[in-house]
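Subject: Structure handover

Hi,

Here is the structure you asked for. My notes follow below it.

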Amino acid sequence: MAETILSARNLDFYYGETHALKDICLDIPEHNITALIGPSGCGKSTFLRTINRMNDLIEGVRVTGSLTYRGAEIYAPDRDVTELRKNIGMVFQKPNPFPMSIYDNVAYGPRTHGIRAKAKLDDIVERSLRDAAIWDEVKDRLKKNALGLSGGQQQRLCIARALAVKPDVLLMDESTSALDPISTSRIEDLAMELKKDYTIVIVTHNMQQAVRISDRTAFFLLGELIEFGDTEKMFSQPEDRRTEDYITGRFG
Amino acid sequence: MRRKLYEIVGRTLLYGCAAVTAGLLLFLAGYILFRGIGGISWRFLSTAESVIHGTVGILPAIKNTVFVILVSLAAALPLGVGAAVYLTEYARNRRFVAAVEFASETLAGIPSIIYALVGVILFCTALKLQKTLLAGSLTLAIMILPTIIRSTQESLKTVPVSYREGALGLGSGKWHMIRTVVLPSSIDGIVTGCILAVGRVVGESAVLMYTAGMSMAMQSFSIDRLAGASGATLTVALYHYAKENADFAVAFSIAAILLILTVIINFSASFLGRKLKELTYG
Ligand SMILES: Nc1ncnc2c1ncn2[C@@H]1O[C@H](COP(=O)(O)OP(=O)(O)O)[C@@H](O)[C@H]1O
Ligand SMILES: [Mg+2]
C-alpha cells in the first residue's frame, strides 16, 4: 500500500447554512488515481476544492475537522496558501487558458514563482507540453494566442500549465466533461501516464471513466462519503446498497 | 399579417433612430469642418495672437490643451484605477462599496461648475496654486475621477472567474493575479474610460476659466513653466473668440481643430491600449 498523501478526518464544510460535507474521513494514497463519484450536488467539487483551498474565495464558508497534506494541516492558520496551491495543482471543468500566448500560459506559473531565465523557461514549457501530450500540436505556434486552440487542446494546455509548477498532486474537476470522446480518451491516457509522478484526484460524472482510469473510488451522497475503496472491488461488489443503486444507474 | 406589420414598423422605427443620429453627427462634424477648415493656416497653428500685427494664432491654446489633458490623466488614471481595483477586488464591506459607487455615479453627473468652485477653493486658494494650468488640470482630474473609477470597475467585473481561479490555482498571490491577468484583460474598459475622460477635459470651459485663467499669451514649452502659468485651452479660447470678440470664423477653426484633436487622441488611446495589452500578455 502506497503512502497516504491526503487525509481527511471528520471533515465538515459549510456554505453559510448549507452543510455541504459531512464528517468525511478519507485517506488518499500517493501515485494513485482516486475518483470521486456521486450524483450532482453531493459535494464532490466542494471536497476537491477544500484540498487546495479554492473555497477560500467564497464568502461565508466554514471548515471544521482535519485535512492534511503530507501530514500538515491544510487549514492551519499559518499555512502558506500560495505554496499549497503550487504543490496541489488544479485542472478545472471548463478549459480556462489565459488570453495570452500558449508559451506564456505555460510559463505563467514558473514566472509567478520567480523563474525568469529564458532558457530555463523554454525548457519547462517544452517539458510540460510534452508531458501533457500536446507538444507536437503546438510546437510551431507557441507564440499564438491559446484561445485559438480547440477545447481538447486547451484542456491539455491547462494540464501543461498546471504541470509547469511541478505540483505533487493534481486535482481534476470533471475536466473531460466538456470535451469530445477523442479528447477525453487522450486526457484519460495522459492521467494514467502522469500517475507515475503525480497523485491524481478526479471528480467524474462518468462511471466508465472512473472504472477505466482510477485505482480507488470514493462515492459521495448528499455530502456524506458512503463508500471508499478499490475501484474494481467497488464496482463489482459494492458494500453499501446506495452505492450499488448509484453505479447500476438506479438514480443520479 | 398584423405580426408582420408589427415587425416592419419596429424595424423601420429603429432604423429611423439610427439614421437620424448618424445624420446629425455627420452633419455637425461636416458643418464644423466646412466652416472651420478654411481659417486654418500654418500661421494660425504655429503662432500666438498678436495685437500688433492683428493676427490670430492658437499655438498657446493647443499647448495648454495638451498639457491639461496629460496632467489631468496622469493624476486621475493611477488614482482611479487603484481605487477601482480596491473597490472591486479587495473591499469586503459591501455597504462601503455601494456608498462609494453611488457617490461616484452622482459625482460623474453633477455640473462642472461645482468642480470649478472646489478647484478655486482647494487648489487655487488653499494650496496657493493660483489660477494656473496646474490648478486647472488637478481640478479636472477630480472631475474625471468618477468616470475612470466607474469604467474600470465595470471592466474588472467582466473578467471571468475562471481566469482568476486559473491564476490562483497555480499559486499566484492575489495582487500578482490582478496585475498579470485581471488588469490586462480590463485594458479595453480602462481605455474607454480614458477616452470619455479626455472628452470631458477637452470639452470643459467653465472649470478652466475659473481655475486656469483665459490668457492667450505664449508660454514656455517646458512643463514646469507651463504648470505655473495661467492660460486658455482650445475650448476656453473658442469661448473667448465667439463670445467676447464675436469672431465666429476663428471660433469655427478652433472647433475644427478640437474635433481633429479628439479623434487623434481617441485613436492613440486605443492604439496604446492594444500595445499595452500585447506587452503585458507577451
Ligand atoms: N458557492 C456556493 N455557495 C453555496 N452553496 C454551494 C456553493 N457551491 C456549491 N454549493 C452547494 O454545495 C453542495 C455541493 O455542491 P458541489 O460540491 O458543487 O457538488 P458536486 O460537485 O458533487 O455536483 C450543493 O448542495 C450545492 O448547492
Ligand atoms: Mg461539481
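**Ligand 1 and its shell**

Ten positions to look at first: the residues around ligand 1 are A:Tyr15, A:Ala20, A:Ser40, A:Gly41, A:Cys42, A:Gly43, A:Lys44, A:Ser45, A:Thr46 and A:Ile58. Each has a heavy atom within 4 Å of the ligand.

Before the details, some ground rules. This is a predicted model, so local features need pLDDT of at least 70 and side-chain atom pairs count only at pLDDT 80 or more, while totals for chains, interfaces and linings use all residues. Residues are numbered from 1 along each chain as its sequence is written, chains are lettered from A and ligands numbered from 1 in the order in which they are written, and side-chain values use heavy atoms, with hydrogens and water left out.

By class, the shell holds four nonpolar, five polar and one charged residue. Here Ala, Val, Leu, Ile, Met, Phe, Trp, Tyr, Cys and Pro count as nonpolar, Asp, Glu, Lys and Arg as charged, and the others, Gly among them, as polar. Helix α1 (residues 44-51) of chain A gives the largest share of the shell, three residues. Helices (H or I, at least four residues) and strands (E, at least two) are DSSP runs, numbered from the N terminus.

- A:Gly41, polar backbone atom: 2.7 Å.
- A:Lys44, polar backbone atom: 2.9 Å.
- A:Ser45, N or O atom in the side chain: 2.6 Å.

On its own, ligand 1 has 560 Å² of accessible area (Shrake-Rupley, 1.4 Å probe). The protein covers 61% of that area.

**Where chain A meets chain B**

The contact (heavy atoms within 4.5 Å) involves 25 residues of chain A and 20 residues of chain B. About 1800 Å² is buried between the two chains, 61% of it on carbon and sulfur atoms. Buried area is the accessible area (1.4 Å probe) that two parts lose on being put together, summed over both.

A:Arg49 and B:Glu165 meet in a salt bridge at 2.8 Å, N to O.

On the chain A side, α2 (81-87), β6 (88-91), α3 (102-112) and α6 (151-163) each give two or more residues. α3(A) gives the most, with four. That side divides into twelve nonpolar, seven polar and six charged residues.

**Elsewhere**

Over all chains, the structure holds 26 salt bridges. A:Arg9 and A:Asp27 meet in a salt bridge at 2.9 Å, N to O. A:Arg9 lies in strand β1 (residues 4-15) and A:Asp27 in strand β2 (residues 18-29), so the pair ties together parts that are 18 residues apart in sequence.

Chain B has twelve helices and two strands. Its C-alpha trace spans about 70 × 65 × 40 Å along its principal axes.

Best wishes

Technical notes: Salt bridge = Lys/Arg side-chain N within 4 Å of Asp/Glu carboxyl O. Polar contact = N/O pair within 3.5 Å; in protein donor to acceptor, adjacent residues only side chain to side chain.
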